[in-house]
Structures are given as C-alpha cells and as structure tokens.
Amino acid sequence: MKPEFNLLDRREFVAFASKLAAVAGLAGLARESRGDDKNSFNYQALDSAKHWKTDPKLIGYAEVTRWRSQRIGARRLAVSPDGRIQVCADNYISSYSEQGDLGPEIALPGLGSCIATTEGGDLYVGLRDHIEVFDKKGTRRATWKPADRKSWLTGLAVGRDDVFAADSALRVIWRYDKSGKLRGRIGEKNEERNAPGLVLPSPYLDVLIHPDGLLRVNNIGRHQVEAYTMEGDFEGAWGSASAATEGFCGCCNPIGLALLPDCHFVTCEKGLPRVKVYSAEGRFERVVAGCESFPENARSCSGLNDCAHGGLHAAIGAGGRIFILDIVTGEVRVMERRV
Amino acid sequence: MEANSGQPKPVSRRQFLRDGARLVAVTGVGALGGALANRAGGQTVWQIDPAKCLHCGNCATQCVLEQSAVKCVHAFAVCGYCQLCTGFFDAEPNELTTAAENQLCPTAAIKRSFVEDPYYQYVIDERLCIGCAKCVEGCNHFGNGSLFLQIRHDRCLHCNECAIARTCPGDAFRRVAARHPYLLKTAPH
C-alpha cells in the first residue's frame, strides 16, 4: 500500500521557518547578553564593583577645571604661596597657573619623587634618596646628604625649624633641621615610644605637620593615619579597613595625605581611586572625588597591571581648593567645595 | 672542427663519487647541527606570560584536564605580607580570619599563617588550586601582584595546541624553552 504524506503548503512552511528563526535568534541574543561567550567569560569580578559609583549625596566638591601635566611621569604636586602649582614630573619641577598654563621649570639631576613648599616660597624636592632645596626663583640652595643609600623618599613636610622626609624603602620618617642635618627617625617599631611600626606593602608613605604640633603619617598596611610627636612618640591613630566609602580599601591605603585650612584631612586611595575628607578626629565627612572620576586610574589597577604604580596625590590651595594629581593620566583636577 | 651536439656531458665515475661524498658530508653536518640545536633548547613548552594575563578565569575551565594544569604561584619577593591580603580575603570580609566566608578562594587553596605583627604569609596549596585566578585579580587590583598564574609542567600534558591558549583573551600563552619552563615575577629592586 502506498504511504500517504501530508505535504505542507508553501505558506505553512514559510511561517514555520520564520518562527524557528525568530526563536533561534532570541536564544542567541539571550546567550550573548549573559556573557556566555568563552572570551568574555569573567565570573571573577570582585565584589568591590559596587563601590565604583559614589553616592551623589556624599560628594561635597565640584570640579572647577582640569588640565594635564605637560611632562610625563607626574608624581607629586604642591601649591606655592603665590598660588602656583608645582608639579614634580620626570626630571623637572614644572610651575603651572591654576588654569594649567605652564610657567618656569626647574631641571633636576634625577627623578623627583616628592615636593613641599614653604611660606617663603622655597621648594624642597625629594630625589629618590636625598633632598634638594631651591629658592622661589628656582636657584639651587642646597643638596643634602642622603640619610641612607637605600632610601626612597615619597613624602615631605616642611615646618618652621624642621623638615620631615617619608622614606618608603626604609619605612621611617627622617627628621632634618633646616641645614640638612639629620636629627632623628620616627615611626619605627619602638615599645618605649609606643610606636607600632610602619607597614608598607607598597611605596606610598606620606607625612604632614598638623597645626596641633604633631605629625600625621599614613600607615597604609594598618589602614590608619597615625599621630607622632616630633620626637617620635606615638600619640594615636584613626582609620579602618573597608571597601565602603567611610573606610580605606584594599591592602594598603590611604596613600596620600593633605590638610585643609580648617584642619580636616584629605586622603587619597588607590585600587578604588578616591579622595575623601575626614575631620580632625578622623570621622568621615565627605567625598571630594570618587572612583567614577578616575576611570583610567581605576583601570590601571586591573587587567594587565598591578596596583603598585598608580594612585592619586592631593595638595591644598588658597581657600581650601583641592588639587588632585592623577598619577596614571598626569591630569590635575581643581576641586572646589559645593555650596 | 667538432660540432656541438647539445647533449649533456656524461658524468665520470670519479666525478659522481666525489659529488656523492660531498652531499653525504653536508647532510651529516646539517643533521649534527640540528641535533645539537635541539639538545641546546629547541624543545618548547606552553607557559603563561604574567605581564599579559587578564585573570579572566578561562584557565580553570578550558584545560583538557579535569583539574587544570594552571596553578597560582606566589612570588614572595614581591609580596607585601599584608594583614589584609586582597588575594586572600573577600572584598568586604566580616573579619580578618580564615573562616570560609571571609576567603576569596573557592577551594581554600591559600594557607594564611602569622609571621609577626602585622605580617602574614600566604602559601598556595597546589592540590586544591583550580587556577580560577580570583586571588590573582584581588592581589593585582589592590596590591603588588605577587600572586600570578603559571602552567605547572608536572601536570601539563603538553598538548600540541593548548586548549586554554586558544581561548585566552589576553594572548598570554606562549611557547618557552623547555629548559626554562616558567616565567616568574621578580622584585623590581
């Protein structure tokens, strides 16, 4: 007996094929949006991603202007009494106006690693292991003898009679007098002075002199800002480890310190690049700029690179304006308090 | 006058033997050179270039072995011996203890031990490591990048075409001399 077939007519066949194609297309789209493709498969995303966006209510500053250092390798900046921004980049100190116009430059014999200014306009520059002093015209006044040939200076603070240099390699704050004579070492583990010791998984030691007469040092491995007398006695600390906005993220933060005219602290972080303001007692107050402000800086710590070469640095100008140097891009952001 | 017939001149037996001997000598010298070059490092194996690795996680899933031949290794010279190691701890740990909920590693393959206040040492247990690179991502994102991935050659099957290399988004897999089969990170100074 001859079998019978129910043949589809052309209209029915085309309708069926269209439905099949539509279903297959939707399935493919859904798979792609789930990221199932082998090459984009990334289930490793850190849980810190939610901190990459700052709550707008916490941001208390607005960007006034932004400009880029005209020399590569910008690492630190300071503000002179005349309002000019001194940027330590490559083998130069470059002087910029607040709008980013380049002025006179000072050539250095090596890579500048930190900088500080005085009320008289003198510049103190750290060059890896030693300090050089320039007057406000850029004339070299002194080259100090290195405290140790292994030193790596990453922060400077200049007081009335003393100069303090943060040495990331030896984990110590060197105390000099104004003639360059070494007078002491601060921050090393010392039970008599109650000092817990500086912990530096990465080279970001900074120091500043507070109007209360104490030094403030960022002990990044402990996620704290510590207070020391100028003789080296440990007086106290504040800060805690947390990826949340109130804390200091990652293994080692804050990487930089600055002081506002009202004695509030400005802290800089890496990993989650952000700049924040804390009260004199160490209570979180507000965000100056969050991770979303530094996308390239944030990317520099993921993917190919580790986070030992990125970061931010801040300096304070007249009226409490905050100048933030993005070490990755070389950009300087001028931030002003929102009214 | 002898006419040029255009036919090739026949090779004499002496000439034939001389040419043959030369050919054998040249071939022998070539083979000897090849053998020496091969012995001197011609053999290559697959390895991951840490400078190109994106810590994407493919190494854990794409290897032909059930448990990947890629393992995390630790460059102690680069390590900060952090109390809060972002390769060991979750981004927001409840506390800095070795409790499972605080750890980033899904198989608890990193052993944390106290050295002296506030330093801790982190050692990879390769029997447990699956090469997922979660710790590598955490260490690189905040720290010095002392944790990184390498193909362990006591496990690798030395496939002619590495299955992970085919899918590596960073093109981090390359052939290296079998005499130096690892690409290790070192301290910058």
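## Confidence of the model

Chain A has an average pLDDT of 89, and 88% of its residues score at least 70; pLDDT is the predictor's confidence in each residue, from 0 to 100. Over residues 30-45 of chain A, the pLDDT is below 50, although this stretch has 20 contacts in the model beyond near neighbours in sequence. Two residues are in contact if their C-beta atoms, placed from the backbone, lie within 7 Å. Where pLDDT is low, the predicted coordinates should not be read in detail.

This is a predicted model, in which local features need pLDDT of at least 70, side-chain atom pairs count only at pLDDT 80 or more, and totals for chains, interfaces and linings use all residues. Residues are numbered from 1 along each chain as its sequence is written, while chains are lettered from A and ligands numbered from 1 in the order in which they are written.

## A four-stranded sheet in chain A

Chain A contains an open sheet of 4 strands in the order S6-S7-S8-S9, with antiparallel pairing. Its edges are strand S6 (114-117) and strand S9 (140-143), each of which pairs on one side only. Neighbouring strands of this sheet are turned by 20 degrees against each other on average, direction ignored; the axes are lines fitted to C-alpha atoms, and angles run from 0 to 180 degrees between N-to-C directions. Strands are DSSP runs (E, at least two residues), numbered from the N terminus, and two of them pair if DSSP finds at least two bridges between them.

Strand S8 (residues 130-134) of chain A is joined to S9(A) by 3 bridges, and the two run antiparallel. In this pairing, A:Glu132 stands opposite A:Thr143 in S9(A).

## Domains of chain B

Chain B is assigned domain 1 (12-42) and domain 2 (44-177), with bounds that come from an automatic or database domain assignment. The C-alpha centres of these two domains of chain B lie 49 Å apart.

## Backbone exceptions in loops

Most residues other than glycine have a negative phi, and most peptide bonds are trans. In chain A, the peptide bond from A:Asn253 to A:Pro254 is cis, with omega near 0 degrees; A:Pro254 is in the loop between strand S17 (234-238) and strand S18 (256-259). In chain B, the bond from B:Asp117 to B:Pro118 is cis, with omega near 0 degrees, and B:Pro118 is placed in the loop between strand S3 (110-116) and strand S4 (119-124).

A:Asn194, not a glycine, has a positive phi of about 65 degrees. A:Asn194 counts as exposed because it has 12 C-beta neighbours inside 10 Å; a residue is exposed if 12 or fewer other C-beta atoms, placed from the backbone, lie within 10 Å of its own, buried if 20 or more do, and partly exposed in between.
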